Amino acid sequence: MIVLGIETSCDETSAAVVQNGRRIFSNIIASQTELHAPFGGVVPELAARRHIEAIGYIVDQALAQAGIALDDVDAYAVANGPGLVGALLVGVNYAKGLAFAQNKPLVGVHHVEGHVSANLLDDGKSPKACSVLSPPFLSLVVSGGHTILLDVQDYNTYNVLGGTKDDAAGEAFDKVARVLGLPFPGGPEVDKLAREGNPLAIRFPRAKVGAYEFSFSGLKTAVMQYIVKNKDYNAADVAASFQQAVVDVLAENTVKAAQDKGYADIALAGGVACNRALRAEMKKACEENGLRLWMPPPILCTDNAAMVAARGYYRLLSEPAGDGWDLDVFPGRMV
Ligand code: KG4
Ligand code: ZN
């Protein structure tokens with residue numbers, strides 16, 4: 001089954017062609033980073049307008065790179081939430097138009113479940129093929145909008161075990177980047193700066209909340225207070241020590257959740273899964289505890305349409321007719 005996926009939930013316009021939920025034929029991603037950079041964050045109205053300008057071209061590119069025609073597409077999958085309402089509406093309505101014109105099924109995909117499904121994809125390039133993972137497994141999704149532990153019981157059953165009580169991990173990275181005077185988007189900049197710092201230099205707090213829960217707003221405040229109190233602070237040490245505090249709790253809670261569920265596989269997902277320290281810490285924690293770790297290559301961790309197509313494929317297997325033409329967007333956060 002050839003699925004054309006579309007993703008426009010935030011500031012990436014993306015379209016992808018994926019076969020049987022696993023094999024990527026194309027995955028075109030147009031980032032709007034430069035558009036939003038002067039504002040220090042994503043401006044929803046600008047994002048939606050840029051999606052409108054880009055979407056037609058990006059879908060054409062995805063088909064061209066896959067070497068297929070629109071008639072070869074068996075079904076359409078589109079991220080319909082959570083995300084920015086105006087941005088989501090562009091992708092959903094474009095996908096509806098294509099599916100209706102081609103008389104093919106259309107499914108809405110939960111963006112967070114899409115991130116998890118990036119672990120099922122095989123780009124034909126990664127040293128370890130990503131295509132052999134199968135449920136049940138435990139997943140940690142860490143992005144700009146979400147920090148969630150998911151119990152993936154089967155291809156269509158994603159149970160939320162817990163999430164953040166306040167800021168998402170990526171949000172904390174972006175806010176700390178801003179106080180350190182780093183450019184937008186901050187997460188990758190903190191990651192880069194932290195490589196020159198000592199992660200043990202400053203002992204920032206690790207919030208203890210419920211077993212499957214996270215809290216990063218206290219940590220963010222602690223970093224801000226440290227900077228105010230220590231005028232000649234070492235920015236690299238602050239970045240490395242903050243990052244270590246985030247990574248420690250993410251790794252500890254995720255391994256605990258997998259052990260509680262009796263699962264052997266952990267799948268990391270979302271933009272923050274690009275983070276070098278997180279990838280290293282998770283690898284170490286999984287090796288120590290006899291767990292298998294799955295991590296998509298960085299390009300599949302951040303927002304992309306291949307992950308949407310992969311998730312959509314499994315929905316279509318169980319619901320071949322897909323969603324109705326009244327498919328709507330749901331902007332709100334999962335937890
Ligand atoms: O998954 P994603 O592309 O979009 C959302 O669904 O939110 O994630 C974007 C988030 C941003 O907060 C960004 O700063 C963060 O992922 N991020 C990183 C890194 N790369 C991206 N955070 C820490 N280290 C990185 N290397
Ligand atoms: Zn995302």
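Helix α6 spans residues 186-194, and its buried members are Gly-186, Gly-187, Val-190, Asp-191, Leu-193 and Ala-194. Here, buried stands for under 20% relative accessible area, exposed for over 50%, and partly exposed for what lies in between, with a 1.4 Å probe and protein chains only. Helices (H or I, at least four residues) and strands (E, at least two) are DSSP runs numbered from the N terminus. The cover over the buried residues of α6 includes α5 (169-179), α8 (235-261) and α9 (276-288), where contact means heavy atoms within 4.5 Å. The model is a predicted one, in which local features need pLDDT of at least 70 and side-chain atom pairs count only at pLDDT 80 or more, while totals for chains, interfaces and linings use all residues. Residues are numbered from 1 along each chain as its sequence is written, chains are lettered from A and ligands numbered from 1 in the order in which they are written, and side-chain values use heavy atoms, with hydrogens and water left out.

Strands of a sheet pair through backbone hydrogen bonds, in either a parallel or an antiparallel manner. Two strands are taken as paired if DSSP finds at least two bridges between them. Strand β7 (residues 147-154) is joined to β8 by six bridges in the antiparallel sense, and Leu-150 has Val-160 of β8 as its bridge partner. Thr-157 also lies in strand β8 and is partly exposed, with a relative accessible area of 24%. Apart from neighbours within four places in sequence, Thr-157 is in contact with Asp-151 and Val-152. Between Thr-157 and Met-282 there are 24 Å in space, C-alpha to C-alpha, and the two are 125 residues apart in sequence.

Next comes the metal site. The zinc ion (ligand 2) has His-111 (NE2), His-115 (NE2) and Asp-303 (OD) as its protein donors, at 2.0 to 2.1 Å. Donors are N, O and S atoms within 2.8 Å of the metal (3.2 Å for Na, K and Ca), and sites may look incomplete because water is not among the atoms. The four donor atoms around this zinc ion subtend angles of 94 to 136°, so the arrangement is irregular. Four donors would count as tetrahedral with all angles between 85 and 135 degrees; four count as square planar and six as octahedral if opposite donors are over 155 degrees apart and all others between 65 and 115, and anything else is irregular.

The donor residues of the zinc ion follow the spacing H-x3-H-x187-D. Distant parts of the chain are linked here, with His-111 in helix α4 (residues 111-117) and Asp-303 in the loop between α10 (298-301) and α11 (305-318), 192 residues apart. Both residues are buried: His-111 has a relative accessible area of 6%, and Asp-303 has one of 13%.

The structure holds zero disulfides, a disulfide being a pair of cysteine sulfur atoms within 2.5 Å. The sulfur of Cys-10 has its closest cysteine sulfur in Cys-274, 14 Å away and therefore too far for a bond. Cys-286 is likewise in no disulfide, with the nearest cysteine sulfur, that of Cys-301, 14 Å away. Cys-10 is partly exposed at 24% relative accessible area, whereas Cys-286 is buried at 1%.

Finally, the backbone deserves a look. Most residues other than glycine have a negative phi, and most peptide bonds are trans. The bond from Gly-81 to Pro-82 is cis, with omega near -10°, and Pro-82 lies in the loop between β4 (75-81) and α3 (85-102). The bond from Pro-135 to Pro-136 is also cis, with omega near 5°; Pro-136 sits in the loop between α4 and β6. A positive phi, near 50°, is found at Asn-20, in the loop between β2 (12-19) and β3 (23-31). Asn-103 has a positive phi near 55° and is exposed at 66% relative accessibility.
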